[in-house]
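Hi,

Here is the model I said I'd pass on.

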Amino acid sequence: MSQGFFDEMTNGAADPRAIYSGVANWLRAAPPEILDARRDQAELLFRKIGITFAVYGEKDAAERLIPFDIIPRLLGGDEWARLEAGLIQRVKALNMFLTDIYGRQEILKAGIVPPDLIFRNECYRPEMQGHRAPHDIWTHIAGIDIVRVDDEDFYVLEDNCRTPSGVSYMLENREMMMRLLPGLFADHAVLPVDNYPDNLLASLRSAAPPHCADDPRIVILTPGQFNSAYYEHSFLADKLGVELVEGRDLTVRDDIVYMKTTEGEKRVDVIYRRVDDDFIDPLVFRPDSVLGAAGLMGAYLAGNVTLANAPGAGVADDKAVYTYMPDIIRFYLGEEAKLKNVATWRCREQDALKYVLEHLSELVVKEVNGSGGYGMLVGPHASKEQIETFRQKLLSDPDGFIAQPTLSLSTCPTSFTGGVAPRHVDLRPFVLSGADGVRIVPGGLTRVALKEGSLVVNSSQGGGTKDTWVLATNAK
Amino acid sequence: MLARTADNIYWVSRYLERADFLARLIEASNRISALPTTYAAKQDEWTSVLIASGADETFPDHFDTANEANVIAYLAFDDRNLSSIRNCIEFARTNARAVRTALTVEMWEHINSAWIKLKAFEQKHSDPTAIDREALIGFLDFVKETSSLYDGFGYRTMLRNDIYYFARLGVSLERADNTARVLDVKYQLLLPEHEPLGGSVDYFQWSAILRSVSALTAYHWVYRESIKPWNVADLLILRQEMPRSLIHCTSEVVRWLDAIGNQYGRHGNAQRQARTIQRKLESASIKEIFQSGLHEFVDGFITDNNGLAKAIAEQYLLG
């Protein structure tokens, strides 16, 4: 048992926490062979279904499985209620912030957020300045990464306002658990998540441009089958019953987007794009991109098509802007943030930089624009060389980094060949914003760092996933 | 539906049909080459297999001699041969993956599993020229089963709409092409001077032709007599009840193109061309075909069929 961490099953006590008593009993009673057999079964099924992802920069790893752990991660109804209220508050504020940044910029004028943080940000899109996103929704699909350090508080680790992925795993993991452990599942009153696709469709429909009041044509834009999240793109298209298009399937004429079908061209109204800003329109952004469609931005700015998420939304999930989230929430909503922020040193500030450089071996240092666990330093686990490399990086570009204390992420029991051991977890709930309000299904993707002691849960860095059970019963 | 989706669906079908055909072709040729030399001209057999499969042009770039081991390795397992069986399965899977939302779960999981099995087979047999007959037979059975099950899952689980029509269209068009290729390569064996003299060398060649399009049993049911070359030609070209005959495949092509045209409310070039080919076959008799030249007739069909494939691509698949 690891010391000094909040274990979500035991909380360091001999008896499990009340909501985990069912799981603990089952773990005590189930012979190890059963756990092994279920794990193998899960892997076979995932491979057959083709739930694979690609790791960039790794040869021969073209199609890998994200390891799935069969021990569920549990949250009480009361815990979820607090979390949900905090998520709704946060995503509302994020959308208002983006409306303001690309509009009147009140928050900059009020001196709450320093302007250069916005204008020097790579994800800020000057093309969007003065433009109002349809219905003032910028981040239609947000993934907010949450961690726990005790049985009270939830901390936001980061906001993902661009194209957060992982929701297909949330849904497939649930299917897998119902199939592999139907008894255990039935013994718990687990709130369902399988209405997520319907919620997503409803949110996207509500976000359609005003001209198509009745039946907007929605598509999902994918970079193609070699993208690491292709499985998810096709999965969602299937569940939503919409076409999965690539850039070459689209054409733009007179600021109207069409897709090429066997019956000629058909007008497109809403694009849930899983292609980054840089690649969506070679006329405006990267000219060498073939993943988007020439003229797409023109059509968007003319109000003829909705892009979800909106171009430029990434400026809100920057890790430097993150540090201002409590102020941002206060500014727009007049409320205190319900979810805590992790204490953060902004390396752009002299004092903070000095502190960070002196404490590199204790801190987690992140690029402000990084994602996917790439380009980050976990001090306590880093070699001397890695720390020196980061020292140089910090000195040459302090604005590009933030640092946080190494969090004592909570652990959950995780199954391995030959036994069960605690491993660190986080949680990514998916928050949907439509013209008609915010929707969240109870749960999210629990990611687990499979290596002993590791705090990095990203699938690209060897992390796995678990099913997240939000129970109807309370934790306290 | 997206033009690209239609294109992918259509090609999944074509690749799997081609894989099935290649498996049968190799099986049939294996039987011939297993005969004592007095019954069959062995060397020519493998060269003609190369021609029938369309691999004769690239084969010499990689191998010196067209012997059994080399030809089978090239046709079945070689990733340098664009139309090898392993490539057909891999391309079919790649196409399926690009449009997995258009396939039913059963179809996708089946083709994905087949691809995983192919990978496992390749790992076990790293030298394709050293695969023994037993392993080869197992592999060919697996290939035929893969194609049949894909078809079957489609038949049982797909909605009857344009997606289904394009899938069927791919099968029929590819099948017609394959039958025509066998006829094109073996036509000399079917010419009148090769009349059967009872147990001749040719007898086994004719039965091999029938086997390669899985029509040996069908032949006996239809003609109720020993194998005669003009009957073989008749069965493979003009017999409507024979599922791999040119006329049947063409009728199917017409049927699925009409279904597509009806759904979209518009018929075009592809439908017209398909009907022209169908009329040609319907008005032909085997006697006339032999009189005016079997080779010319089959050649003409291959050209027409390719032209039709082009028209289909232009009308529907390129977008």
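This is a predicted model: local features need pLDDT of at least 70, side-chain atom pairs count only at pLDDT 80 or more; totals for chains, interfaces and linings use all residues.

**Chain B, then chain A**

Residues are numbered from 1 along each chain as its sequence is written, and chains are lettered from A and ligands numbered from 1 in the order in which they are written.

Chain B has 14 helices and 0 strands (DSSP runs numbered from the N terminus, helices being H or I of at least four residues and strands E of at least two). Its C-alpha trace spans about 55 × 50 × 35 Å along the principal axes. The radius of gyration of chain B is 20 Å, which agrees with the value near 20 Å for a compact globule of 319 residues (taken over C-alpha atoms; the rule is 2.2 Å times the number of residues to the power 0.38). Of the chain B contacts between residues at least 6 apart in sequence, 69% link residues at least 24 apart (contact means C-beta atoms, placed from the backbone, within 7 Å).

On to where the chains meet: 17 residues of chain A are in contact with 18 of chain B. On the chain A side, the elements giving two or more residues are α2 (32–49), α9 (230–240), β7 (243–245) and β9 (256–261). By class, that side has 5 nonpolar, 5 polar and 7 charged residues (nonpolar is Ala, Val, Leu, Ile, Met, Phe, Trp, Tyr, Cys and Pro; charged is Asp, Glu, Lys and Arg; the others, Gly among them, are polar).

Also in chain A, have a look at strand β22 (residues 445–449), where 5 of 5 residues are buried. A:L445, A:R447 and A:A449 lie on one side and A:T446 and A:V448 on the other. β22(A) runs antiparallel to β19 (residues 419–428), with 4 bridges (pairing takes at least two DSSP bridges), and A:R428 stands opposite A:L445. β22(A) also pairs with β23(A), antiparallel over 4 bridges, and there A:A449 has A:G463 as its bridge partner.

A:T468 sits in β23 (residues 463–470) of chain A. A:T468 counts as buried because it has 25 C-beta neighbours inside 10 Å. Beyond four places in sequence, A:T468 is in contact with A:R73, A:L75, A:L427, A:G443, A:G444 and A:T446.

Cheers

Notes: Two residues are in contact if their C-beta atoms, placed from the backbone, lie within 7 Å. A residue is buried if 20 or more other C-beta atoms lie within 10 Å of its own, exposed if 12 or fewer, and partly exposed in between; C-beta atoms are placed from the backbone.
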